[in-house]
Protein chains: 2
Amino acid sequence: MPHPNDPKLRSFIDVAPTSDFPIQNLPYGVFSSKDGLAPRIGVAIGDFVLDLWELEQDSRLDVGPLGVFSQPSLNAFMALGPKVWSATRARISELLRSDHPELRDNRELRARALVPMADVRLYMPFAVSGYTDFYSSKEHATNVGVMFRGKDNALQPNWLHMPIGYNGRASTVVVSGTKVRRPRGQLKPPTAEVPSFGACKRLDFELEMGVVVGQASPMGEMLTEKQAEEMIFGFVILNDWSARDIQQWEYVPLGPFQAKAFATSISPWVVTREALEPFRMRGPAQQPEPLAYLKQAQPNNYDLQLDVALRAGAMNEAKTICSTNFKYMYWSSVQQLVHHASSGCAMNVGDLLGSGTISGPEKHQRGSLLEISWNGTEPVELASGVTRTFIEDGDSLVMRGWCQGDGYRVGFGEVEGTIVAAE
Amino acid sequence: MPHPNDPKLRSFIDVAPTSDFPIQNLPYGVFSSKDGLAPRIGVAIGDFVLDLWELEQDSRLDVGPLGVFSQPSLNAFMALGPKVWSATRARISELLRSDHPELRDNRELRARALVPMADVRLYMPFAVSGYTDFYSSKEHATNVGVMFRGKDNALQPNWLHMPIGYNGRASTVVVSGTKVRRPRGQLKPPTAEVPSFGACKRLDFELEMGVVVGQASPMGEMLTEKQAEEMIFGFVILNDWSARDIQQWEYVPLGPFQAKAFATSISPWVVTREALEPFRMRGPAQQPEPLAYLKQAQPNNYDLQLDVALRAGAMNEAKTICSTNFKYMYWSSVQQLVHHASSGCAMNVGDLLGSGTISGPEKHQRGSLLEISWNGTEPVELASGVTRTFIEDGDSLVMRGWCQGDGYRVGFGEVEGTIVAAE
């Protein structure tokens, strides 16, 4: 049987070379369709969603406990572990292959199991157990440091020694398409004597990838590089919405709290770690050398192109304001997970780890408006006469990402969010 | 019908005046007994646990959906809301009253429903959705500030304007009695050139109360004082174990992460907000006056005595090292919850909010070893020849808390944790 990542594979379903969802991808999501059935698990293929619950009921897909694909989240499936993930993906690939007649020639089953993407609604693909946000792009941390502390003290002393991160708020992680209300909070501009309470004036996005943890690890135990890697089920694109003015006043000494708690948007399709395997590469050289528990024998970065586009209410089309790549990250997702468990912190199925804002070395690769507008001093032009320093009400923000193969791409779809006015 | 808080109420079960669990308390927990049944919900009364699932099956307790008390967590019961909480407590009080024959005279039901406390095992009383830790004792924040920044800059500029807090790690909240492994992490003493990885050398406790949130609030909406109060189901005692050396190196700029992620211990019995009602009082005057959204019309503090005792491995009895009171807290739990939701952050059933270390104005009221030993410079004597600056392997830490009524106390039992060596 050919490997599901084989670039030569073709599906009996037509997939355009620019589609995010060729047979080499097979990302998982939670959807409902016009048939009125409850949200359940499907896989994206071209312009269709393959209904895994239909296949499971038809005894075409056996992963163990019946009904795992009837659920409105991936958690139960993820809990079954990497061997099941791999076998399931291989079986789905087989069922979709152009040279495999089982589903291709079963018109009745195809009608039941393949739902046009245009007819589905997508939901949060998994229940978020814990949400952790890292800060692992050296370019991003340096940009922010230069802005607020000057060139000579840009990076904090600990930054090069460990993946700095903080616990975020899991209750407000939402799926692409969810409208985001402008947050309110305490604001104290440097010129004000005392703080006031009101709508955030410096609303920003942060372009990140999110790791979806698919296996638990016990309290009190550390993880090796290999263990951590095998716990990663897949990835989503993540927009870590940020209220810069709320953050500035609240964050000393315990870190960001309400500034990040109002919304975090993720893309609806979880692209598996296995599907990204052909695009693995080494990250930037790490100097000083990491401590032993953080050393990587494997390449744990990915060549994954990322774009951010902003559409002001009045514009017809979004304007691309950032084009960068996940490969620039200094600390890898595997290192983040190893560090996360290093004190004895238990990890759970459904934990979500944000990579931190993904900026690159070039100006067009900056992953937040804070950096793009250099703290509001360099407005970005979206269209003739339309500029932005931070996000305004009615603005829509779209992030896209994909790995480019030879004649196909393994993509994530998009994560979109539109800002509505504060109450 | 008398109010369940009536000090004159007596149960047909003998309860000593120094017991934490008179009929005026009725805290909820999750227990199993020698009968081999799965963990389920009970109420503490004197030296017994009242099995609510037995009462529910016997049609003595009707809260709506059957089986709510058969579950291994309080979350489903809490989701039913404050009217059900109140009605259920009134009914349990009635069933336990000395002048109510229904349970008192039903020997067969009593045998099934009343389990000696000595025969039960206690579990986490609820599933923690999100764990947030505040920093709301002015005395504690001032002590820490004086130690690390000097007297003149002790309080950060934002501290008097809002309840400062951060998101903690829900996955390692554990019930009293759970052994805690000494965490490992990156350590960089001021004299070291570079960090090393190893066992924490400055392990500490923090005496806190934990608010158990029993109702959800939607994303994008703020809470009033009244709404926040009604969302609070009850309280537990909370030990926020802290690795001071790990924290010191990691926490700038995003706050505590691995230093607090290895364990947080809570007491097994959730004392309801209603049971604490007679002990409500005004907190310290707040100056400057809080912003409008944080103003309190009601007294939201509690007169709740708290003790911490430490037992080194070789000692027979624990030595009390702190006696303080929850009433000293500058920011109340209601203000913390209002602030938490103020940006639009959704709250969930099962959210746990740590109050922050509860120190008082006197030296014997300091709620952490960091303060008691003044950053390790003033060792505390536990017994002849036995001193501590921080916690050592084999040490056992016990926290107790109670509100003193006239001839009875509404208490929490204890939260105990023993430290085992790092691997």
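**Why these names? Talking through the chain B and chain A model**

Author: Across the interface of chain B and chain A, 19 residue pairs are found in polar contact, with both residues at pLDDT 80 or more. This is a predicted model, in which local features need pLDDT of at least 70 and side-chain atom pairs count only at pLDDT 80 or more, while totals for chains, interfaces and linings use all residues. Residues are numbered from 1 along each chain as its sequence is written, chains are lettered from A and ligands numbered from 1 in the order in which they are written, and side-chain values use heavy atoms, with hydrogens and water left out.

Reader: What makes a pair of residues a polar contact?

Author: The pair needs N or O atoms within 3.5 Å; within protein, one atom must be able to donate a hydrogen and the other to accept it, and residues adjacent in sequence count only if both atoms are side-chain atoms. On the side of chain B that touches chain A, the elements giving two or more residues are strand 6 (131-134), strand 7 (165-167), strand 10 (184-187), strand 11 (196-199), helix 8 (244-250) and helix 10 (333-341) of chain B. Helices (H or I, at least four residues) and strands (E, at least two) are DSSP runs, numbered from the N terminus. That side of chain B has 29 nonpolar, 22 polar and 5 charged residues. Here Ala, Val, Leu, Ile, Met, Phe, Trp, Tyr, Cys and Pro count as nonpolar, Asp, Glu, Lys and Arg as charged, and the others, Gly among them, as polar.

Reader: How many residues of chain B are in contact with chain A, and what area do the two chains bury between them?

Author: Contact means heavy atoms within 4.5 Å, and 56 residues of chain B are in contact with 56 residues of chain A. The two chains bury about 5,200 Å², 62% of it on carbon and sulfur atoms. B:Arg169, B:Leu254 and B:Phe257 supply 16% of the area that chain B buries against chain A, more than any other three residues. Buried area is the accessible area (1.4 Å probe) that two parts lose on being put together, summed over both.

Reader: Why is the pairing of A:Arg169 and B:Asp351 called a salt bridge?

Author: The term asks for a side-chain nitrogen of Lys or Arg within 4 Å of a carboxyl oxygen of Asp or Glu. A:Arg169 and B:Asp351 meet at 2.6 Å, N to O, so the pair qualifies.

Reader: What makes a space a pocket or a cavity?

Author: On a 1 Å grid over the protein atoms alone, a cavity is a set of points where a 1.4 Å probe fits but cannot get out, whereas a pocket is an open set with protein on both sides within 12 Å along at least five of seven lines; lining residues have an atom within 4 Å of a point. Grid points are joined across faces, edges and corners, and a volume is the space filled by probe spheres set on the points.

Reader: Which residues are closest to the centre of the largest pocket?

Author: The largest pocket has a volume of about 850 Å³. Of its 39 lining residues, B:Phe148, B:Arg244, B:Gln247, B:Gln248 and B:Tyr251 are the closest to the centre. Strand 6, helix 6 (138-149) and helix 8 of chain B each give two or more residues to the lining, which divides into 18 nonpolar, 9 polar and 12 charged. The second largest pocket, of about 660 Å³, is lined by 28 residues, with A:Phe148, A:Arg244, A:Gln247, A:Gln248 and A:Tyr251 nearest its centre.

Reader: How many cavities are there, and what lines the second largest cavity?

Author: The structure holds 7 cavities of 30 Å³ or more. The second largest cavity has a volume of about 60 Å³, and its lining includes A:Arg181, A:Glu423, B:Met222 and B:Ser342. By class, that lining has 2 nonpolar, 4 polar and 4 charged residues.

Reader: What is the phi of A:Ser59, and where is this residue placed?

Author: A:Ser59 is not a glycine, yet its phi is positive, about 60°. This serine sits in the loop between helix 1 (52-57) and helix 2 (75-78) of chain A. Most residues other than glycine have a negative phi, and most peptide bonds are trans. The bond from A:Val252 to A:Pro253 is cis, with omega near 5°.
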